[in-house]
Amino acid sequence: MTAATTTYVRRGAGHWLAGLKAMLRWHLTSLRLVLPVMVAVQLLTASGLSIGMSLFYADVDARTGLFLGTGAAIVTLVLVGLVVAPQLVAGEKEAGTYDFTASLPVPRSASVVGWVAVSAIISLPAAVIALAISGWRFDLTFDVSWAVAPAVGLVVVCGTLIGYAVAHGIERPTVTQLLSQVFAFLVIGFTPITYPPENLPGWLASVHEVLPFYHMGVILRGALTQGLVTDVSGSYLVVAAWTVLAGVVTAIAMGRRR
Amino acid sequence: MNDWTFRASGVTKTYDGGKTYANRDISLRVEPGEVFGLLGPNGAGKSTLVKQIIGLLKPTAGSLHLGPHDLVADPDAARQLCSYLPQAPMPIESFKVHEAIRLTGEIRGGDRRQIERRAGELIEALQIEEWRDTLGARLSGGVRRLVGFVMVTVVPGRLVILDEPTNDVDPLRRRLLWDQIRQLGEMGVGVILVTHNVLEAEKSVDRLAVISDGRVVAEGTPSSLKVADRGRLRLQLMLTPGVATPELPSLVLDHTRVGNNLVSVIPEEKAGEGIAWAQQLMSQGIAEEYALAATTLEDAYIRLTGELPADEPEGAAA
């Protein structure tokens, strides 16, 4: 029987990159049976939301159309990281397979970055389709700037890290699953993404000044349109701060030994 | 050359601010090439120790070393140098068997050609070739277990930890699996085998420790643990449900009752008296069946833990 046993401890950038590549394959293969369904569900939800809004608000001015038309894509980009990671990690905990995954010899950060890429793979096609449908239904032309790359990147990273922080930071999988439902409910119904903050009661609008979800919408709109939103840099700061916070919580939660 | 001996010293884990012990002052050594059994009933603290070794739990006190590496201070090293087959099923529903093996081999830092070669050898040795391209979701529990074994040993660490590796595996492949576990030892890898299958362990381990209530209550070779039972026989009585434990004659040296199962140890030379006592209990309706057998490691286990091994049918008797 031939075998090479592990005789030294790998460290450094090469090990990290190999870990990222391997974990990206691990995550994608783990999701193989559900990934097409997830992408399809996101596509249908995002298209449905776009078409629904265009039917609901049949006759709107160009500015309102632009606001509504970007809404579905933004909701999709914000939600996927927040919901999918917690659901899957909670599922691993329930099935008892969490310990095996945690025992794999890869840098934890490489595994997280791999997961961010998976979130992007699930959400990006749906967001693009939602924009295309809205463009057609509301007769819009988007003014996409270079800032779309950092805006989409930051939103996906922030959403995924918050999802991951919840998934790994909370011991009980049922609580994690509940929280991910709360996120979906909060983002779709009670976050000024598909409507302006003025439509909310004052106190709730103030809460959204601090939470990241509304600001994620602002930076995405800032990158997709011209003159529709103001103080985009302030929103970048809020989302960046949440990204750092969620990253720290994730790092502590994943590195923590009970 | 490193000496890859595994050393646990005074390992303790407490919860609730020190009020509850998950394990207590555990000290062990596993030499390279040794297959070391970790036996004990459920909740004895075996899994806690395993999770401490691979860096999922942090000991409250004590140290864990593998060769030159401090596993408590450096959990990254622990995960790279130890391979771990958990008791729970492997998360490979959507992996084809060969993909799961190759990918874990690569994650474990293996070279692709060597992984292919060793994967092929293990798959053949365990006779699971026909499932090479099958999705994990379609595998039976036993085959999935064997695939898990190949995944974690295709590029084995210096210490391989197997938690109940033979669960669900059919008797034929069970033997093949034991051969491969022995092979790991021959490769110079230390193997920690967590099990409550005492009879299987007796045949396969070089040394073992019995853990009960979080402590090591005995350690040694299977023969050394049986020394105390030399010249003794096991008289196992299946009591009639609901009856109290009968008064024990002086020939009974030791006894344990689990459910309706009364396991007693008697001197070899008093076998006749033992049988007469058992027959008397049956005629009185106190016992339903009895069996007289040579003592095995199970008797040492029962003596040490006060429990029957998990695979022992509660009504076992002849």
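**A buried pair in chain B**

Glu298(B) and Arg234(B) are both buried, where buried means under 20% relative accessible area, exposed means over 50%, and partly exposed lies in between (1.4 Å probe, protein chains only). The model is predicted: local features need pLDDT of at least 70, side-chain atom pairs count only at pLDDT 80 or more, and totals for chains, interfaces and linings use all residues. Residues are numbered from 1 along each chain as its sequence is written, chains are lettered from A and ligands numbered from 1 in the order in which they are written, and side-chain values use heavy atoms, with hydrogens and water left out.

Stay with this pair. The side chains of Glu298(B) and Arg234(B) meet in a salt bridge, 2.9 Å from N to O. A salt bridge here is a side-chain nitrogen of Lys or Arg within 4 Å of a carboxyl oxygen of Asp or Glu. Glu298(B) lies in helix α10 (residues 297–305) of chain B and Arg234(B) in strand β11 of chain B, so the pair ties together parts that are 64 residues apart in sequence. Helices (H or I, at least four residues) and strands (E, at least two) are DSSP runs, numbered from the N terminus. Strand β11(B) covers residues 232–239. Why does Arg234(B) count as buried? Its relative accessibility is 6%. The Arg234(B) side chain also makes a polar contact with the side chain of Gln236(B), at 3.0 Å. A polar contact is a pair of N or O atoms within 3.5 Å; within protein, one must be able to donate a hydrogen and the other to accept it, and residues adjacent in sequence count only if both atoms are side-chain atoms.

**Other salt bridges**

The whole structure holds 17 salt bridges over all chains. One of them links the side chains of Lys51(B) and Asp99(A), 2.9 Å from N to O. Lys51(B) lies in helix α1 (residues 46–53) of chain B and Asp99(A) in helix α4 (residues 98–103) of chain A, so the pair joins two chains. Asp99(A) is buried, at 13% relative accessible area.

Arg102(B) forms a salt bridge with Glu116(B), with the closest N and O atoms 3.9 Å apart. Arg102(B) sits in helix α3 (residues 97–107) of chain B and Glu116(B) in helix α4 (residues 112–125) of chain B, so this pair ties together parts 14 residues apart in sequence. Arg102(B) is partly exposed at 25% relative accessibility. Glu116(B) is partly exposed at 42%. Elsewhere, a network of salt bridges links Arg25(A), Glu106(B) and Arg112(B).

**A hairpin in chain B**

Strands β1 (residues 6–15) and β2 (residues 20–30) of chain B run antiparallel, joined by seven bridges. Two strands pair if DSSP finds at least two bridges between them. Val11(B) stands opposite Ile26(B) in β2(B). The two strands form a hairpin with four residues between them, and Asp16(B) in the turn has a positive phi of about 55°.

**Core and surface in chain A**

The largest nonpolar core has 61 residues, and Val78(A), Leu82(A) and Val187(A) have the most contacts inside it. Such a core is a set of buried Ala, Val, Leu, Ile, Met, Phe, Trp, Tyr and Cys residues joined through side-chain atoms within 4.5 Å. Its largest share, 16 residues, comes from α3(A).

Val244(A) lies in helix α10 (residues 232–255) of chain A. Val244(A) is exposed, with a relative accessible area of 56%.
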